[in-house]
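This report describes charged and aromatic side chains in a protein model. The sequence and structure come before the details.

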Amino acid sequence: MINLNKNNFNRRWEDYRKFTVIIIMIIIGELINSTRDVIKEKIEEKDAEYIKKIAREQVECGANYVDVNSGAFVWDEVDYLIWLVETVQEVVDVPLTLDSPNPEALKKAAEIHKGIPMINSITAEKERYDEIMPILKEYKSDVIALCISDDGMPDSVDDRLKIAEKLIDSFEKEDIDLDRVYLDPLVKPISVNGEFGYQVLDTIQKISEWNTGIHMTCGLSNISYGLPKRSLLNQAFLIMAMERGLDSAIIDPTDKDMIKLIKAAEVLLNKDPYGKNYLKAVRAGELD
Amino acid sequence: MADLENIGNAVIEGNVDTVKELTNKALEDGQEPLSIIKDGLIGGMNVVGKRFKAGDMFVPEVLMAAKAMKSGMEIVKPLLTEGDMPSAGKIMIGTVSGDLHDIGKNLVGMMVESAGLELINLGVDISAEEFAEEVKKHKPDVLGMSALLTTTMLEMKNTIEVLEEQGLRDNIKIIVGGAPVTQDFADEIGADGWAADAASAKDLAIELIGK
């Protein structure tokens with residue numbers, strides 16, 4: 001089982017308990033992503049009200065971080081990302097997850113972000129690692145570390161563990177507190193290969209057993225690409241991954257069924273002692 | 001014709017054993033190898049492509065169908081002499097320099113191959129110079145480039161420029177795809193086309209080859 005860092009957990013708890021929804025899993029709200037057509041359109045129109053509404057909704061539903069991505073605008077990514085950070089921070093207090101492979105976009109967005117941002121993402125690809133590491137250091141940011149190396153996308157549990165080990169070693173050398181790092185084992189679509197689910201689950205378990213204090217997160221919805229009724233698969237997979245040690249997820253927090261399942265799983269995995277949050281949510285009518 | 005239709009249906013169902021059995025039977029009955037391929041195996045796969053695009057079939061079913069089609073091809077192909085099989089065209093694909101995301105690109109590869117196109121899959125992280133070299137060597141009708149990252153998308157533009165510099169651009173059609181890639185972007189960098197998914201990419205490639 002993963003070694004949840006209590007201090008970090010309490011900090012988040014204090015920060016977010018003003019909302020009735022309390023989720024012990026660390027939720028990164030994925031909705032403000034320009035590769036989604038509706039968001040792309042709203043960003044282009046600079047429809048601040050719409051973006052603010054989506055940001056607020058995600059936090060009210062339990063998001064601990066709000067992801068912002070303007071990657072669909074290849075020429076104006078930096079400007080739009082800055083606009084997103086400014087716009088979203090007008091209405092939510094949780095930190096934002098700055099989502100770009102582009103170091104310039106990340107740096108400029110981190111610069112104007114109020115408080116400590118999360119960087120999404122660093123990888124073990126040498127060039128990307130070298131460019132993004134200084135940003136982590138300068139802004140003391142949290143970071144999502146994706147299991148990709150210069151050798152390519154991982155194809156097995158072993159590939160992932162090797163990349164994870166390399167990343168963890170590098171972070172320790174750079175004096176990056178692993179409690180700030182969210183490792184994403186890289187989820188690939190189950191529709192393409194039936195083993196892709198197990199590969200991620202086994203990786204999560206192994207890394208959790210290392211007890212380094214690193215968080216385990218994942219871009220969950222990749223698992224269901226190419227199949228119908230995707231949210232059903234996403235939900236089932238999330239529960240399985242939680243049992244293996246996943247303690248964070250990049251999801252749509254407004255998916256009520258998903259949130260309900262997470263709360264139930266937290267009781268069952270003894271992450272919600274005495275079912276305190278669960279019962280609170282029941283009484284508030286949130287699980288109906 | 002009836003047994004060819006059954007071969008097509010077995011491809012659609014992704015049933016390897018039935019495809020093999022019916023293909024062997026069709027050969028015994030004296031069917032032309034070429035018509036087994038065109039009307040049976042590829043015929044079935046064309047239906048799969050249409051249904052996939054319409055959202056009636058899904059990725060694992062397409063993979064199964066492609067596997068079933070291949071199992072039939074393996075039986076029939078050795079019976080053809082070179083040149084018997086009219087090439088429907090040649091397509092070369094790869095992800096651009098710095099980009100390792102290849103799931104979508106591989107789906108495109110499977111789709112075009114199943115439609116009877118000759119496929120050259122260069123793999124991932126292909127530099128502009130490598131693309132140019134391979135284009136020179138293989139002379140494909142279509143070059144398909146994929147990028148999933150905003151930082152690597154511009155490599156598509158770079159590759160097109162290198163192809164232009166080397167005088168290779170005019171002989172090929174270039175199509176692009178990947179999550180952040182749009183029709184606008186394709187137009188801006190001077191590509192010949194963009195497709196949203198693997199089945200559309202296959203249709204686009206065939207359409208461009210026909211031009």
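The text below covers salt bridges, then aromatic pairs, then a charged surface patch.

This is a predicted model, in which local features need pLDDT of at least 70, side-chain atom pairs count only at pLDDT 80 or more, and totals for chains, interfaces and linings use all residues. Residues are numbered from 1 along each chain as its sequence is written, chains are lettered from A and ligands numbered from 1 in the order in which they are written, and side-chain values use heavy atoms, with hydrogens and water left out.

**Salt bridges**

The structure holds 19 salt bridges over all chains; the term stands for a side-chain nitrogen of Lys or Arg within 4 Å of a carboxyl oxygen of Asp or Glu.

| Residue | Partner | N to O distance |
|---|---|---|
| Lys108(A) | Glu104(A) | 3.1 Å |
| Glu138(A) | Lys107(A) | 3.0 Å |
| Arg244(A) | Asp202(A) | 2.8 Å |

Helices here are DSSP runs (H or I, at least four residues), strands are E runs of at least two, and both are numbered from the N terminus. Lys108(A) and Glu104(A) share helix H5 (residues 103-112) of chain A, where they are 4 residues apart, about one turn of the helix. Accessibility is classed as buried (under 20% relative accessible area), exposed (over 50%) or partly exposed (in between), with a 1.4 Å probe and protein chains only. Lys108(A) is partly exposed at 36%, and Glu104(A) is partly exposed at 42%.

The salt bridge between Glu138(A) and Lys107(A) links distant parts of the chain, from helix H6 of chain A to helix H5 of chain A, 31 residues apart. Glu138(A) is partly exposed at 49%, and Lys107(A) is partly exposed at 31%.

Arg244(A) and Asp202(A), in their salt bridge, also lie 42 residues apart, in helix H9 (residues 230-244) and helix H8 (residues 196-209) of chain A. Arg244(A) counts as buried because its relative accessibility is 17%, whereas Asp202(A), at 30%, counts as partly exposed. Elsewhere, a network of salt bridges links Glu49(A), Lys52(A) and Glu90(A).

**Aromatic pairs**

Rings of Phe, Tyr and Trp (its six-membered ring) pair if their centres lie within 6.5 Å; planes under 30 degrees apart count as stacked, over 60 as edge-to-face and the rest as tilted. The count comes to 4 aromatic pairs over all chains. One of them is the tilted pair of Trp75(A) and Phe185(B), at 6.1 Å centre to centre and 35 degrees between the planes. This pair crosses between chains, from the loop between strand E2 (65-69) and helix H4 (77-89) of chain A to helix H8 (residues 183-188) of chain B. Trp75(A) is partly exposed at 43%, while Phe185(B) is buried at 3%.

**Negative patch**

Among the residues of a negative surface patch are Glu127(A), Asp150(A), Asp125(B) and Glu164(B). Patch residues have over 30% relative accessible area and no salt bridge, with like charges joined within 9 Å. At least two patch residues each come from helix H6 (126-139) of chain A, helix H6 (128-138) of chain B and helix H7 (150-165) of chain B. Which helix gives the most to the negative patch? H6(B) does, with 3 residues. Glu164(B) sits in helix H7 of chain B and is partly exposed at 47% relative accessibility.

Technical notes: Patch = residues over 30% accessible without salt bridge, like charges linked within 9 Å, V, L, I, M, F, W, Y side chains within 5 Å. Areas by Shrake-Rupley, 256 points an atom, 1.4 Å probe, with all protein chains shown as cover. Lys, Arg positive; Asp, Glu negative; His and termini not counted. Charge placed at Lys NZ, Arg CZ, Asp CG, Glu CD.
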